[in-house]
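Please read the briefing below alongside the sequence and the coordinates. It moves from the overall fold to confidence, then to the core and the aromatic side chains.

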Amino acid sequence: MDRNIKKGKNNKINKKLLRFNGIMLADILGLFIVLMSIEGFRERHLFVSLFMTAIMVSILIFFYGNIKIIAGYLKQLRNRVDKQKFGIPQERQEIKPGDMKTLDECAEACEQYIKTTKSKTFAPNLSAMIAQSDRFKRKKATITGSLLERFSDSEMSYSKFTSVIDNIEKIIIFNTRSLVTRLISFDEEEYESLLHRSYAMGSGNDEVTKSRLGIYNEYLDYAKKAVDINENMLIKLDALVLEIAKLSSFDVNDINNMDAIRELETLIQDTKLYK
C-alpha cells in the first residue's frame, strides 16, 4: 500500500512538471514565431533586445518553476523520513474492541480511548487496567520461571498451574475488551451536562434527569467492577507466588489443596458466572 501511495505521488509530481514545462516551452516557441513573422524585426535592434530579454525571462521562469516544484516534493519527502526516523506516527489505526485478543492489544486500546476522547470520567479505570495488564505479565513470567525450575512443561503439575494462569489472563482480556466496547457508546459530554444540571437542581431533579443519570451510572459501576475483579485476581496471584516459593516439592494433590489455587479457581468460576 505504501508503495502504491509513493508511486501515485511520484506520478503527480511528474505530471505537474510536464504540464509546467509544456506551457513554458509553448510560450517561448509562440513568442519566437510571432516576433520572427514581423517584417523588418531582425533589423530593429530595440526589438531584438526586447526579444532576447523576453526569452531570458522565460528561461528564468522555466528553471524557477521546476526548482520550486522539485523543492516542494523534496520537503514532503524529508518530512515523511523524519517522522519515520523519530517514530512519529503518520496515521494511527484505531483498534476495534472485537480485535483485542492479547494483553498488549488491550492496553493499546485503553490508551487509544484516553487519548482520542480526552476522557476524565474513565481515565483512572482504563489507566488501572493498563497497569494491571503489565503487572499480570510480570507475575506470569515469575510463576512460569519458578514452575520450570521444579517441573517440565509436559508434567500434569505444570499444566495445572498454567491452566489457572491462562484462565486469569482470559478474564483480564475479557474485562478490558468489554469495558472498552461499552465506553464507545458513552457520551461523556452529555454525562457532564447532566451532572451539572443535577448539582444545580439539587433535590429537585426531574425524573428524566434521574433516569438518564442512572443509565450513565451503570457504566461507572461496570468499570469499577471490572477493575476490582482484575485486582482480586492479581492479589490471589501474589499469594500463589508466595506459596510456590515456600514449598520445596509437591505433587498434583498438593497443588489441588493449595489455598491460593482453590481461591483462584473459585474466583474464576464466580467471574464466569458474573459474565
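The secondary structure of the protein comes to nine helices and zero strands, where helices (H or I, at least four residues) and strands (E, at least two) are DSSP runs numbered from the N terminus. This is a predicted model, in which local features need pLDDT of at least 70 and side-chain atom pairs count only at pLDDT 80 or more, whereas totals for chains, interfaces and linings use all residues. Residues are numbered from 1 along each chain as its sequence is written, and side-chain values use heavy atoms, with hydrogens and water left out.

**Overall make-up**
- Of the 275 residues in the protein, 31% are buried, a term that stands for under 20% relative accessible area, with exposed meaning over 50% and partly exposed in between (1.4 Å probe, protein chains only).
- Among contacts with a separation of 6 or more, 72% join residues 24 or more positions apart, a contact being heavy atoms within 4.5 Å.
- The protein exposes about 18000 Å², of which carbon and sulfur atoms supply 57%; accessible areas come from the Shrake-Rupley method with a 1.4 Å probe, and for residues only the protein chains shown count as cover.

**Confidence**
- The mean pLDDT (the predictor's confidence in each residue, from 0 to 100) of the protein is 75, and 64% of its residues reach 70 or more.
- Confidence is lowest in helix α1 (residues 2–36), at a mean of 61, and highest in α4, at 90.
- Over residues 1–7 pLDDT stays under 50, and the model has zero contacts beyond four places in sequence for them; over residues 85–93 pLDDT also stays under 50, with six such contacts.
- Where pLDDT is low, the predicted coordinates should not be read in detail.

- Leaving aside neighbours within four places in sequence, L237 is in contact with F136, K139, I143, I165, I168 and L264.

**Aromatic side chains**
- A search of the whole structure finds six aromatic pairs, counted for rings of Phe, Tyr and Trp (its six-membered ring) with centres within 6.5 Å; planes under 30 degrees apart count as stacked, over 60 as edge-to-face and the rest as tilted.
- The rings of F186 and Y216 are edge-to-face, because their centres lie 5.1 Å apart and their planes stand at 85°; this pair links F186, in the loop between α5 and α6, to Y216 in helix α7, 30 residues apart.
- F186 is buried at a relative accessible area of 7%, and Y216 is buried at 9%.
- F186 and Y219 also have ring centres 5.1 Å apart, with planes at 70°, so this pair is edge-to-face, and Y219 is buried with a relative accessible area of 18%.
- Ring pairs link F122, F186, Y191, Y216 and Y219 into a cluster.
- R182 lies over the face of Y222, at 3.7 Å from the ring centre, the criterion being NZ of Lys or CZ of Arg within 6 Å of the ring centre and within 35 degrees of the ring normal.
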